[in-house]
Structure formats: structure tokens, C-alpha cells
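Hi,

Here is the structure I promised to send over. Have a look at it first, and then read on for what turned up when I went through it.

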Amino acid sequence: MNNILFNFDFTFGPAALLSVIPALLNIALFFYTLLFIKPSNLKSIFLLFVFFLVIFQVCETAIRLSSTVYTAMWWAQILSVGFNLLIPFAIHFLLIYTNPQKWEKSAWVNLALYIPALLFAIVNLSGISSFAMIQSDFWGMIVMPTESVINTIQFSWIAVLVSIMMGILIHHTFMRFKDDKERQKQSALISTGFAVPVLAGIMTQGIFPLFMDKPPVPLAPLTLTLFSVAIIYAIKKYKFLEFSPLNAWETIIRNINEGLLIMDNNGLIRYVNSRFCEITGYNKDELAGRNTKELLSLTGNKNNKNVNPSWLHSFRTGFSEIIVKHKTGRDLHLNINGFPYFDDEGKIIGSVIINIDKTQLVHYEEQLADSEMRSRAYIDQSLSLICFYHPESRKILYANKSFFSQLGYNPNDLGTITIHDLVIDSKEGMDGVIKKVIAHKSLNLGERQWRTRSGNVLDVLVNLSYIQQENDAFIYVSATDITARKMAEKELIESEERFSSLVQTANDAIVLTDDRGNILLWNKGGEDIFGYSKDDALNKNMSMLFAGRDACLPCTRTVQGLPDRQGISNGSTLFPGHINGSPSFAASGLKKNGLEFPAEISVGQWKTRSQDYYCYIIRDVSERKKMEQELKRMSETLSNIFKSLDKESFWSLDTKNNKMLYISPGTELLYGRKTSEFVEDPMLWKKVVYNEDLPLVEEGVGQMYEGKPVSNEFRIMRPDGSLRWVRSHIVPFINGTGKEIRRDGVIYDITENKKLEEQLQEKIKELNMFVYRASHDLRGPLASIMGLCNIGKQEVTSKEGTFYLDNIHKSIVRMDNILSELTQISQVSQNNLEVENTDLTDLTVTILESIKYIDNYNRVKFELEIQPVRFHTDKTIIRHILQNLIINGINYRDDLKPQPMVKISAKETGGNEVEISVTDNGIGIPEKIQPHIYDMFYRGNESSKGTGLGLYIVKNGVAKLKGKINCRSKAGEGTEFILSFPQIL
């Protein structure tokens, strides 16, 4: 085993260095992070990512140095584990980095990322997933994934994960962190370090061999080092994986609902949020770098008696109530909650100040002091859910109208419901909240979930206050229903994710540019159509995407309203008439390799305060153009074919507008009318139908309204009064709303065929009459011969004579059976139907009575399960059908079975039909001969006892009665014939 694993050839050492050096760098990064970075979930996931990256790079080195295919294959299987777990850990790391509160403990992340990864690793280790090794002059051994369903699914899965992750990173870099420049730089660096190696690896080692039939280029081990370098740079320069106020921004912003201010030890403001600006009236630029003391004007303010004289340290002592000046000069009542934050050495490096604007609350408290009724009116009419509950009993003592209406309770419930009935939290959690609100007098809980009386869940924004009156105390609760807002936020996030996924998975090129034509967004469709990668296209002018005079199309300034394309002073050409929903237009695209292709372009425009933006959707229509040309050629060919047909009429009718779209020249010869007459009157085809056949045609028209194709034979009347038989086949076309929009039809002249059919029917009638008479006439002499044989048996005493007479008698009986069945065929085929009420029970008993003298009748048990069914049919034909099936059951019984059996059953079924079945437990019919059992004179083998006419008679009889027959049989198990007939013919 060791000889196989370490059978190396160091000739390819230079190529191996391209993966060895990155591996050593990542080993150093692993131990640096392990030893010097503070523990966190983000750090743990990152360490696992680096660990599998090192495995991947070490295995890649071993593959390149392998001197035999067997050695390379062993290392490739080990590499598959690192490869399959590398990307999931990278994506998990980035998910926690972008949104730790959402992804750190998400079970769905583990299911979606690691279970498929482990499955693919197991599949690769087991050898189910196939791959090959190719030899390169520089790289040595290279793993070559083969085209298989598993490999395609595996690389597609990784590509989808990477695409989703890139969308999230782009969103956070340009949207989520846009107000935090340091965090934005950090995110952009990590995004670039992630995107380049992953996209390069998927392209060179997945897409090249699997989809483009090109040899792979093992650049992934080298390019993945870019991600490691990006992380090292982020750790050193931006304190990545370490704590800072900016890194904790999302956690703070989710837990603080009011104003937020961060200052350093010198009291200089380093950060304020939008709510703080809204409270004080200043903007962020006015507050940046300003002294906190100057802003809050704490000293000398007689109302700020709870503030420590040392104003800087007062913000680190907890909660304070102060009065500050708004930018306009008016007083603001603020609750200040300050606490310090520390550096790695435990030194205080600044303060975080959370403030709550109590100006309005103070104003209302002053009014409430004057009038209890005014206070109650305000609470009752407030849109917020307001209630008071006792901190010990937890019972709700008072609530306003919004509380009752939105939670489903009524005033009679007061005193019986507790705060635990509302809040989705444990008792221990509520105990902690009550202690905090008592200690701090008021508490902003932020977003919470409440339960309504019916069990529904509301998202609310909760503030608590502790109120003490004489010997009693209450907790005041004010909650704002934010369910609609949360749903809107969720829908917005989902919409952004769908948009990102749509853009990246679209087959068309989607290009976003500024008003100078510089490319700001480039999707996968653009890469596929033009051949430019994302790095090739971004920040380039999109004029490079078009050839010749069309290269001027991406304008630098778009002016609408010009009559056509024309140059302006700066040399650009415009898109007048093609902006925002106007029709698309054609242009000549230019691929990276210099090939031109026909393109179709749609343009959208939107404006911001700073500039205009344009979105181009570009589609390669080369295949469509080829199809259009081929369709045109086929249309011309079909048109020539139609013109050459002189006895057929082809037509197409627009039923929505009652307009003839096409009618072939052969129509004139068939109908004796000009095609222009049918164009002028599209319903003329129906008007020329012979009156006796018109009901049949009308029935077909009704079927076409249901979307069913219709084939009919009917007569038409020509202008000279002559009649012609035609066969019509019409296909209706139905739109998405179920309405018919078009009919296409073809009509053949079958007049000569009809004449031949009439002659043929006449000859068949004569032949049937001959067979009937011949059979009838021959049965007389046969009866005489049979009588002489019987007399001879009495006179002849020798064994030889008796033997000969017995054989003559058997042959006569067989001949008589054949003549009898031929007579039945004539009766079934020739005679007109004589419809009468038929009692199946009586008819079956009569048949059994008539055949009880045939050989082996007594050896078979007959069972009847016939419901009291009476129906209109031809009794003679039904008798022939049942008699032949019963005799077959007797003749083909299985004597090895304890009791040969024939069962006859009948019942009524839905659809105005009667179902009859004849079942036996005989020798059965082999499957291979079942398609031929209804053929005339067909016998399955030489030992068959029948004449080969019985089932032929059955089949023709069933057809004559417009019924259906179905045979179910298995050799050795028996046979069942199921027949269904309409009750009324």
C-alpha cells in the first residue's frame, strides 16, 4: 500500500511547487488563527475550511508527482474528500460572516451544505463516480472528470452554491455595508478572494472537461491561495475575526431600536446611527468628530441631576435621564444607557451610548398629571398595544382597545389572563426581564413575538416601564405591531435573492451600465454568449460587444425622441424608441474570439440623483435565424408540394377572426370552385356539404370546439350538381384559455374508392351467400353419410372395419362443425340485425342445454353469475358468441386440475353498457400467439381441437354489435374473455 501511495516522480517538481507553497502558507495560517485569534463559531468554521484546503493542496501535489496512474487514482480519491468539503465550509464561513445571527445555529445550513457534500465524498471514495487521469508535460498527472450523471450533478450543485454565495457577498459589499467603509473594504477583499479561485476552479477543472470537452487546468490549488491571502490581509489590516464596534454593528443594530452613539476616550464621536440623527436633528457629517460634551451640553444643566460630574465617565455607569438641545433649540428628554468597550488588553477604548427619546413621553406625563381621563383616552386610542400588569402575580390589570382588538381578548378577561399567555418566552426569561425593568425603570426589549388568543403569532416592538404608586407597582407595556413590516422585509430579501438568482442563471446576457456605457454588472449568460469573463467585462465599455457600425450603439448619453439613430457631438449613437419596454432591435454582436453573430437587444433605463443607468438584455439569435431560414425553406417546399397536388385540398382557418389563412390550389379541382370563393366566405366548405351528411359534419364541429381532431367521410355537391365523396381530417388548435384559435385541415377525393368499396361489398355479399348455401347443401349429404356409418357399425363386426367407420364418423363430425361455423360466419356477416330484448340467463341455459352431448361436456363444471340484465341486441349473434367461447372452454380444459371449470358472468356497467365475461381454468393461451387467435382458421398448434373459426366468429360478432372484446390469459392458468356491448344499438 505504501509503495502505491508514495510512488513519486520528482520530474514534475516545479508544477508541484505551485500547490506545495500554497499548502505551507495555509498551514501557517491555520496555526496562526488557532493560536492567536479569539475563539468563535466563525473561527471554528474557518479553521475547518483551511484544514480541508490543505488536504486538497497536499493531495493535488501528490497527484502531480505520481509516477503511475494507480498512485494518482489513490490520491485523487483522498482529494475528493477535501474537495467536496472545501466549498461547503467556505460557504458556511461566509454565511456566518455576512449574517451571524441567522446562520450560526441554522440546522438547514448543515443539511443543505454538508449532507450532499458527505454523500458526494462517499460516492467518490466508493468508486461509483468515474474519473480518469491524463498526463501533461508540465503538470504531470491531472484528474479528468468523466461525463456522468453524478459528476454533472456534483459540479452543478457546487456551481449553484457558489452563485448564491456570490450574490450574498455582492449584496453585503455594496448594500449592507455601504455605510461602514472599513467593513465594506473588508467584505470586498474577502469577496474577491473567494470569487476568483472558486470561479477559476469550476471553470478550469469542472466546466472545461465536463461541458466544453477540453483538458482540465489544475489552477484551483494555486488560486485558492488568493482566498487565504485575502483572509491574512483582512486579519492584519481590518482586524478580521476580532471584535470591534464596527464588526459588531449588525448585532448592535438588531438589539438596539433607538439612537446609538459611539465615542472614543477623548469624547470624540466616532459613529452615530440614523435614529440618533433623527432624534437630534443633525446629520452624520455634522456629528462626525464632534465632541460629545459639546453636543449633549451636560454640564450646567440643572435637570441632569442623575449625571456624574465627570461627564465622560458618566456614560459608562449605566442608565441616566438627561435633557439635551435639539438642533433647532428645543429641549429633548433622553434616556441614556452607556457602557464601555475594551481592546484586546482589557483597556477601555471608548463608550457605546444608547439613547431613547422620551420627549413625547415626558410631554404626555405632564398632561397625565393634569388629567387622568386624558391619559386613559390617549392609551385607549393609541394604535400601540398597551397594557399594565402586576410584576408579582403577572396578571394583566388594564389594556387598551388595540390590545383587545389585535390579540382577540375582551375586557372581561382582565384579571384572568397573565403576561405569560401573551409572551412566547420561558418563565425564567420573563423573570429576568422583570428584574431588569425594575432595576432600570424602563427597558427597550426590541423585537419580540406575542401569541394571540387564537394561537396566531404577532411580531411586536416592545418597550417596558416600571411604575410605582404609593404601596403598589405596575409594569407598563407598549408594543407596536410590526408583523406587516417583518413580512415586507422578508419578501424584500426573497425578492433580492430571486433577482440575483434570475440574473446569474439567465441564458441571455444581462448587462448593467452607467450613462457612459461602462459595464457595472455582468452575468453568466454574458460569459457564455460573448466569451468574456466577469473580470474581462467589468468597468469596460460595452462597445466592445458589437461589430462594425453597431459598435456605436452603447451610447454615452441617451436622448429620447430622435427620429432614428444618428451621431451627436461626442460621437455616440443613441437608442431612441427602444428604452423601457419598447420593442427590441437587432444588432451585430462580437464575441471575444472575433466571431460576429446576430443579436437581439432590449434596453431598460432608470435614474438616480447622480446619474442614469441602463440595463441591456442581449440574446444570441443565431439558432433562431437558422431556424427561420429553414422554416422559410420548408414553407416554400410545402407550398410547392401543395401546388402539385390536384386531388387534395389543404387549408388553414383563423377561427378567432373567421379568416382563411391558406388554401391550396387543389381545392378548385376538388370542389369545382375558385379558392377566392373560400377566402371570401370561409364557411363555404360547410355550405356545399350534401344535406343528408350534414348532421355528421355538425357532430364533428362540436368535437372540434372541445379541442379534438375530427376525421369524417361525407359527400359534397359541386356547382354542376354532381356529388363527390371526400374524406376530411381537421385538427383544431386551442389557446391557454381553452378557446379555439385555428383549424388546419386536409380533404381527399375518395369518390373512386367509394365505388370500389360498393363493388367489393357486393362481391362479399355474393361470396357469403355462396358459402351459406354451399354449407347448407353439403350438410345434407354429410348427414346421409353419418347415417350410413351408424348402420355400418351395426353390421360390421371386424375390428378393422369398426376402426375405419369410427374415423370416417369423426371426420364427418369435424366437417359438419366446419360447415356449421361457416354458416354462423355468413349469418353474422350478412344478415341484418334483428334487435330484441334478450334475457342472458335464459340464453345461457339454452346454449348449455344444446351442447351437453358434445365430448367431455360432463367433465366440466359450469358456474353462472348473471345479474338480471336485459338489453336490446341481436339474440342470434350473442348466442353464436357465447356458444363458441363456452365450447372453447370445454375443448381446452386442463384435465390435470381437480375440477375443470367454465364461468359465465354478466352485469351492467356505467356508460349504458353490459359486460359479459367467460372464464375458464384451462391450459391457457401462450402470450406469443395471442395476437393471432382471432385470425380465420388459426390454430395455435397441430394438436388444437378446434376448427380455427370459433374466435373468428366471436370477433366478427362483437364488431357487428359495436362491442369490445379483451382477452386475458396465461399459459397453464386459464383464460378470460371480457366483452362489453351497448345496451341499445
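One term before the details: a residue is called buried here if its relative accessible area is under 20%. Please also keep in mind that this is a predicted model.

With that cut-off, let me start at helix α29, which spans residues 840-850. Its buried residues are L840, L843, T844, I847 and L848. They lie on the same side of α29, because the arc they cover around the axis is only 135 degrees. And what lies over them? The cover of the buried residues of α29 includes the strands β23 (835-839), β24 (861-866), β25 (870-874), β26 (901-909) and β27 (913-920), along with helix α30 (875-891).

Next, helix α4, residues 69-98. From the first C-alpha to the last, its 30 residues reach 43 Å, close to the 44 Å expected at 1.5 Å a residue. This helix is mostly covered, with 22 of the 30 residues buried.

Strand β13 (residues 509-514) is the other element I would point you to, as 6 of its 6 residues are buried. In a regular strand, side chains alternate between the two faces of the sheet. In β13, A509, V511 and T513 point one way, while I510, L512 and D514 point the other way, and all are buried.

Which strands does β13 pair with? One of them is β17 (residues 612-620), in the antiparallel sense and over 6 bridges; there, Y614 is the bridge partner of T513. Another is β14 (residues 519-522), also antiparallel, over 3 bridges, where L512 has L521 as its bridge partner. β13 and β14 form a hairpin with 4 residues between the strands, and G517 takes a positive phi near 85 degrees in that hairpin.

Finally, the overall picture. The protein chain holds 31 helices and 29 strands, and 44% of its 985 residues are buried. Of the contacts between residues at least 6 apart in sequence, 54% join residues at least 24 apart. The accessible surface of the chain comes to about 53100 Å², and carbon and sulfur atoms account for 56% of that.

Happy to go through any of this with you.

Best wishes

Key: Residues are numbered from 1 along each chain as its sequence is written. This is a predicted model: local features need pLDDT of at least 70, side-chain atom pairs count only at pLDDT 80 or more; totals for chains, interfaces and linings use all residues. Side-chain values use heavy atoms; hydrogens and water are left out. Buried means under 20% relative accessible area, exposed over 50%, partly exposed in between (1.4 Å probe, protein chains only). Helices (H or I, at least four residues) and strands (E, at least two) are DSSP runs, numbered from the N terminus. The arc is that of the directions from the helix axis to the C-beta atoms. Contact means heavy atoms within 4.5 Å. The expected span of a helix is 1.5 Å times one less than its number of residues. Accessible areas come from the Shrake-Rupley method with a 1.4 Å probe; for residues, only the protein chains shown count as cover. Two strands pair if DSSP finds at least two bridges between them.
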